[in-house]
Amino acid sequence: MVRLAYYPGCSLEATGKEYDTSARAVCQALGIELVELEDWNCCGATSAHSVNNLLALALPARNLALAQKLGLDVVAPCSACYNRLRQAEHALRYDRETRAAIEEAAGFNFLGGVTVLSLLEALVKRIRPGTIADRVVHPLQGLRVACYYGCLLVRPPEVTRFDRPENPVHLDELVAALGAEPVAWRGKTDCCGASHAITSPEVATALVGRLLALAREGGADALVTACPLCQTSLEMRRPAGETMPTFYFTELMGLAFGLPGTRAWFAKHLVDVRPALRVLAQTGS
Amino acid sequence: MAVRGAVALPLDLAWREEVRKASGQPVELCYQCAKCAAGCIVLEHADFTPHQVLRMVALGLRDRVLASRAIWLCSGCLTCTVRCPNGIDIARVMDTLKEMAAANGANGKNPARLFHSMFVDNIRGRGRVNEAVLLGRYELTTGRIWKELGQGLTLLRKGKMPVFTPGVRHRDEVRRIFARVRELGGH
């Protein structure tokens, strides 16, 4: 039994709701116990580090203090939350001067026992794709997906220490374990412009359009991501006429595991996912 | 003799040192290889490339840098940071420049600047961000609400924009973080 502290983050209470429900369902199916951090606060996301560096480290540090009290490693499904929590952990571990400032601002002493994981990392490293493949009842045969890692899962590598920063492969391994076909494509780690989705929608739309075109060029039916900001941006800021959906990897896991919640998750998408999944009906999955 | 078309630039080398210190980055090491620009995803939308911004910092062109659109267009994707052969965390430099621009009042109408400050206000107030409240406030302030109404209603209908979310119970703890950061010379 794997036990982890769970940090959902603000987006998973709203635009990323189906990521939250699918993440919890998949973890339960794999025997991972998620203990939600009691009274967690916002990690500060992109905005806090654009406003003040210390604030951007002290806000996530309060959540590390909560995890430390529980004595559990903490898992964050959202890539942006993961990156901020991990940046705080990294500074607490390796930067003595900043550590003192963070500890004073957040009012706790870091004891070094807590590690921050992304949900993808927790599943790939602590459960392993082989075990995940064993749980599959409906292999996603014929579904061609472009695995989209984005920025904050893999960069900067000295902080995330997960996968290869220019050509990551762990999400590809995971979807292959589900029976789907990860395509080779060029946009794996290019920014989707989610931080501009509200303030410069035209920039976000240009970046989203580019990614969708690259995914299509690779022969994909859909994108798959681990980030609620990317997912929302990719579906909400798509250029007119684009119909390619973006799945959370946990949704595809739920589908392959035969979990009951998938229909409700897919109904929350801004793009109709059914055409992309039609291939599964044809292959009898 | 004056050179035709030449402009005298207000060099401010003390400011370069300020950026260096505040960002903790060796900005003077940039040798203009433009690898950052080659991978920059917002390049075509910006007024300057990342290596141009670094050059302007090296020359002390404070006002031009702080008034640029480029610093706010940096999405913090960290591609330049990872690829810089001189180990300059360029995205960190951009963040420092954003902080300086905000403190100095430059570029006050930039939408990203407004959004980030509203986002942080939202955290200060509730400990967590309520996306409906944050987006509503931003779109109303900028007058974009009508343009975004369709998307907003779709999100509401899909249950992706709950208006009431709990927030943090111990809000005093979050406010204390803000207060201490301010005392320590921050925001």
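Two strands pair if DSSP finds at least two bridges between them, and the strands themselves are DSSP runs of E with at least two residues, while helices are runs of H or I with at least four, both numbered from the N terminus. With that in hand, look at chain A, where strand β5 (residues 144-148) and strand β7 (residues 222-225) pair in the parallel sense over four bridges. Within this pair, V145(A) stands opposite A222(A) of β7(A).

Before going further, a word on the model: it is predicted, with local features needing pLDDT of at least 70 and side-chain atom pairs counting only at pLDDT 80 or more, whereas totals for chains, interfaces and linings use all residues. Residues are numbered from 1 along each chain as its sequence is written, and chains are lettered from A and ligands numbered from 1 in the order in which they are written.

Back to the strands. β5 and β7 belong to an open sheet of four strands in chain A, ordered β6-β5-β7-β8 with parallel pairing. Its edges are β6 (181-182) and β8 (246-248) of chain A, each pairing on one side only. Helix α9 (residues 170-177) of chain A packs on this sheet and touches β5, β6 and β7 of chain A; contact here asks for C-beta atoms, placed from the backbone, within 7 Å. The direction of α9(A) makes about 150 degrees with that of β5(A), where axes are lines fitted to C-alpha atoms, for helices over the stretch in contact, and angles run from 0 to 180 degrees between N-to-C directions.

Strand β1 (residues 2-6) of chain A is joined to strand β2 (residues 32-36) of chain A by five bridges, in parallel, and V2(A) has I32(A) as its bridge partner. Between β1(A) and β2(A) the path includes helix α1 (residues 17-29) of chain A, and the three make a right-handed β-α-β unit: with the strands pointing away from the viewer, the path from the first strand over the helix to the second runs clockwise.

Now for a helix pair in chain A. The axes of helix α4 (residues 79-94) and α5 of chain A come within 6 Å and cross at roughly 120 degrees. That makes α4(A) oblique to α5(A), since angles under 35 degrees count as roughly parallel, over 145 as roughly antiparallel, 65 to 115 as roughly perpendicular and the rest as oblique. A88(A), A91(A) and L92(A) of α4(A) meet T98(A), R99(A) and I102(A) of α5(A).

One helix pair to find is α1 (residues 13-23) and α7 (residues 90-104) of chain B, packed at about 115 degrees with axes 9 Å apart. That makes α1(B) roughly perpendicular to α7(B). The contact is made by V19(B), A22(B) and S23(B) of α1(B) and R92(B), V93(B) and T96(B) of α7(B).

Finally, the two chains meet: 46 residues of chain A are in contact with 50 residues of chain B. On the chain A side, α2 (45-51), α3 (53-70), α5 (96-106) and α10 (201-217) each supply at least two residues. α2(A) gives the most, with seven residues.
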